[in-house]
Amino acid sequence: MSGSSYDKTIQFRAGAEKEAAELLDEIHIGGVNVSELARVGLVEMLRQSLDEQDKIAVYERYSRDEIGEDVAHVLLGEKLDRMEEEKESFESAMERDTSEFLTGSDGE
């Protein structure tokens, strides 16, 4: 895998989709950024294609530094931030002194 996300181009055959993008670019004031539309659309479709097991696998690879944060964020979006927060909360709870929960209010 490459360290740079910009060294490869994703290409596909676009018939009517290409014509629709060109038409929108012609008629929309200021044109449209077809590359940006494609990028955003690809990110949305990648996220939609993940099931819960896939999301867990992505997060596990990210946690082991097998994939970068940018790749994990593309696939998980804001869920990555929530997963990090949950992990930190869990780790914090595991470090708490639980002896106070085991004794009575009178110290017994």
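Colleague: Is the crossing of H3 and H4 left-handed or right-handed?
Modeller: The crossing of H3 and H4 is left-handed. A crossing is called left-handed if the near helix is turned anticlockwise from the far one by less than a right angle, and right-handed if clockwise. Please note that this is a predicted model, in which local features need pLDDT of at least 70 and side-chain atom pairs count only at pLDDT 80 or more, while totals for chains, interfaces and linings use all residues. Residues are numbered from 1 along each chain as its sequence is written, and side-chain values use heavy atoms, with hydrogens and water left out.

Colleague: How many helices and strands are there in the chain?
Modeller: The chain has six helices and zero strands. Helices (H or I, at least four residues) and strands (E, at least two) are DSSP runs, numbered from the N terminus.

Colleague: Back to H3 and H4, then. At what angle do they pack?
Modeller: H3 and H4 pack at about 165 degrees, and their axes are 10 Å apart. H3 is therefore roughly antiparallel to H4. Axes are lines fitted to C-alpha atoms, for helices over the stretch in contact, and angles run from 0 to 180 degrees between N-to-C directions. Angles under 35 degrees count as roughly parallel, over 145 as roughly antiparallel, 65 to 115 as roughly perpendicular and the rest as oblique.

Colleague: Which residues meet there?
Modeller: From H3, Lys55, Val58, Tyr59 and Tyr62 meet Glu69, Ala72, Leu75 and Leu76 of H4. By class, this contact of H3 with H4 has six nonpolar, no polar and two charged residues. Contact means heavy atoms within 4.5 Å. Ala, Val, Leu, Ile, Met, Phe, Trp, Tyr, Cys and Pro count as nonpolar, Asp, Glu, Lys and Arg as charged, and the others, Gly among them, as polar.

Colleague: What about H4 and H5: how far apart are their axes?
Modeller: The axes of H4 (residues 69-76) and H5 (residues 78-95) are 6 Å apart, and the two helices pack at about 110 degrees. H4 is therefore roughly perpendicular to H5. On the H4 side the contact is made by Glu69, Ala72, His73 and Leu76, and on the H5 side by Glu78, Lys79, Leu80, Asp81 and Met83.

Colleague: And H3 with H5, at what angle?
Modeller: H3 (residues 52-63) packs with H5 at about 65 degrees, with axes 12 Å apart. That makes H3 roughly perpendicular to H5. The crossing of H3 and H5 is right-handed.

Colleague: Which residues are in the largest nonpolar core?
Modeller: There are ten: Leu50, Val58, Tyr59, Tyr62, Ile67, Ala72, Leu75, Leu76, Leu80 and Met83. H3, H4 and H5 are the elements that give two or more residues to this core. A nonpolar core is a set of buried Ala, Val, Leu, Ile, Met, Phe, Trp, Tyr and Cys residues joined through side-chain atoms within 4.5 Å.

Colleague: Is lysine 55 buried or exposed?
Modeller: Lysine 55 is buried, because its relative accessible area is 18%. Buried means under 20% relative accessible area, exposed over 50%, and partly exposed in between (1.4 Å probe, protein chains only). Lysine 55 lies in H3. Apart from neighbours within four places in sequence, lysine 55 contacts Leu50, Leu76, Lys79 and Met83.

Colleague: New topic. Where does aspartate 65 lie?
Modeller: Aspartate 65 lies in the loop between H3 and H4. Aspartate 65 counts as exposed, at 69% relative accessibility. Its phi is near 60 degrees, a positive value in a residue other than glycine.
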